[in-house]
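The following note sets out numbered comments for a colleague who is looking over this model. Each point takes up one part of the chain.

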Amino acid sequence: MVKFAHLSDCHLGSWRQGELQDLNFKSFQVAVRNCVEEKVDFVLISGDLFDSAYPPIEILKESFAEFKKLHDAKIPVYLIAGSHDFSASGKTFLDVLEKAGFCKNVEDWEMQEDGRRKLKPTFHGDIAIYGYPGRKSGMEVEDLSSVYFESMHQFTIFMIHTTIKDVVGTIPMESVEKEKLPLANYYAMGHIHQIFDVQESNCRFVYPGPIFPNNFQELSDLQCGSFHMVEVNGPDIKTRSIKIPLKEVVTVNIVIDNGLTATQEIISELDKLNLRDKIVLLKLRGTLVQGKTGDIRFNEIEEFVLKKGVSVFLRNISALKLQELEFEMESFPTDNPQNIEKRIMDEYSKKNPADFNKYLSQLMMALSLEKNEDEKSIVYEDRLLSELKNILELEGIL
Ligand SMILES: [Mn+2]
């Protein structure tokens, strides 16, 4: 019998809030401890071990300590790069881990003359492990149609960091049909952050879920991280999903329609609940008929929940709408948007003369700045803020 753990999407270094970054890392530590205690034969990590191709030193340091525990327990780790720890230059910190002897990247293939990619196995005893990494924006999906390998082994594992059609649902996302993948006994998959475990004839398809939820919605849906424990007995595969519940998550849904009275309403709703030491997710929905989102005093709400002893407080107002304002505007169907904007700004400036108006067009330009695909939010915000400071001549003030 062979027993292995299947982890994916650890996203070490993810989350800006300190407490959540800690919980994310602690979940990984729990999984590692569990692997050592259960004396697994090996560990699989199906991509996105790190949240970025260049993780912070602090995270690297702690990660190495965890990998050393597995190494000391003589548990090999087989992994592939995911969409997050992939870098266009081909260099990632996975290479550093591998050079240190802490893991084996199983991506190994050769381009054939006919344009197909022949994968080469990494062996653990008589188990053959193949892997093909994820890329940014699902760019590996096309590659996968040309991937093949010879699967005449006792037991074959195929590691991919790609979404299969069965889990994609209505999400607009690149995906592969699992029936078109080369034949394997166990498909150790990652990328989609949910638990999926399906057996079809002699094939097992598994997404173990992320080691910790990665955003507001995932916290609300998944509550905690997870990984898979797998036992192979001849052709027989037994799986267990292991949950890692570190802190209770409470989602509070409140419908509001008045921005002016919302603060008090929200506080009295929250006051009814026991929130001590919990992760509290406040989700606001509804249409504001009075007041604006800006009228809700979130700092006051935050102070209140901190006094109630919450561990982490997050809010989401994306389902909150403002009542549609009716604009009176002449239409210029043949005109381009820039000209329309300019005309509106000119008219506005004429009606509301102020020194500030001279900044309007530059501000419009700056605010249309878009976030690059692999740019961190914090870097983007810095870029946007420094642009705005320049325009408003605030350099050195903030
Ligand atoms: Mn991921």
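Two residues are taken to be in contact if their C-beta atoms, placed from the backbone, lie within 7 Å. The model under discussion is a predicted one.

1. Contacts of Glu-107. With neighbours within four places in sequence left aside, Glu-107 is in contact with Ile-80, Ala-81, Gly-131, Tyr-132 and Pro-133. Glu-107 itself sits in the loop that runs between strand S4 (104–105) and strand S5 (109–111).

2. The chain as a whole. The secondary structure of the protein chain consists of eleven helices and 18 strands. Its C-alpha atoms occupy a box of roughly 80 × 55 × 45 Å along the principal axes. Of the 398 residues in the protein chain, 30% are buried. Among contacts with a separation of 6 or more, 72% join residues 24 or more positions apart.

3. Backbone of the loop between S1 and H1. Most residues other than glycine have a negative phi. His-11, although not a glycine, has a positive phi of about 45°; it is placed in the loop between strand S1 (2–7) and helix H1 (18–37). Trp-15 is likewise not a glycine and has a positive phi of about 75°, and it too lies in the loop between S1 and H1.

4. Is His-11 buried or exposed? His-11 counts as buried because it has 28 C-beta neighbours inside 10 Å. Trp-15, with 19 such neighbours inside 10 Å, counts as partly exposed, since the threshold for a buried residue is 20 or more.

5. Helix H7. This helix covers residues 259–271, which is 13 residues, and extends 19 Å from its first C-alpha to its last, close to the 18 Å expected at 1.5 Å a residue. Ala-262, Ile-266 and Leu-270 are buried in H7. Viewed down the axis of H7, the buried residues fall within an arc of 50°, so they line one face of the helix. The face turned away from that buried side carries the exposed residues Leu-260, Gln-264, Ser-268 and Asp-271. The cover over the buried residues of H7 includes strand S16 (249–255) and helix H8 (298–307).

6. The β-α-β unit. H7 also belongs to a right-handed β-α-β unit made by S16, H7 and S17. The two strands of that unit, S16 and S17 (residues 279–288), pair in the parallel sense over seven bridges. Within S17, Arg-285 stands opposite Val-255.

7. The sheet. Which strands make up the open sheet, and in what order? Three strands form it, in the order S16-S17-S18, and the pairing is parallel. S16 and strand S18 (312–322) stand at the edges with a single partner strand each, so one side of each is left without a neighbour in the sheet. From one strand to the next, the twist averages 15°.

Notes:
Residues numbered from 1 in each chain as written. Predicted model: local features only at pLDDT ≥ 70, side-chain atom pairs only at ≥ 80, totals over all residues. Helix = DSSP H or I, 4+ residues; strand = E, 2+ residues; numbered from the N terminus. Expected span 1.5 Å × (residues − 1). Buried ≥ 20, exposed ≤ 12 C-beta atoms within 10 Å, placed from the backbone. Arc of directions from axis to C-beta. Pairing = 2+ DSSP bridges. Right-handed = clockwise from strand over helix to strand, strands pointing away. Axes fitted to C-alpha atoms, helices over the stretch in contact; angles between N-to-C directions.
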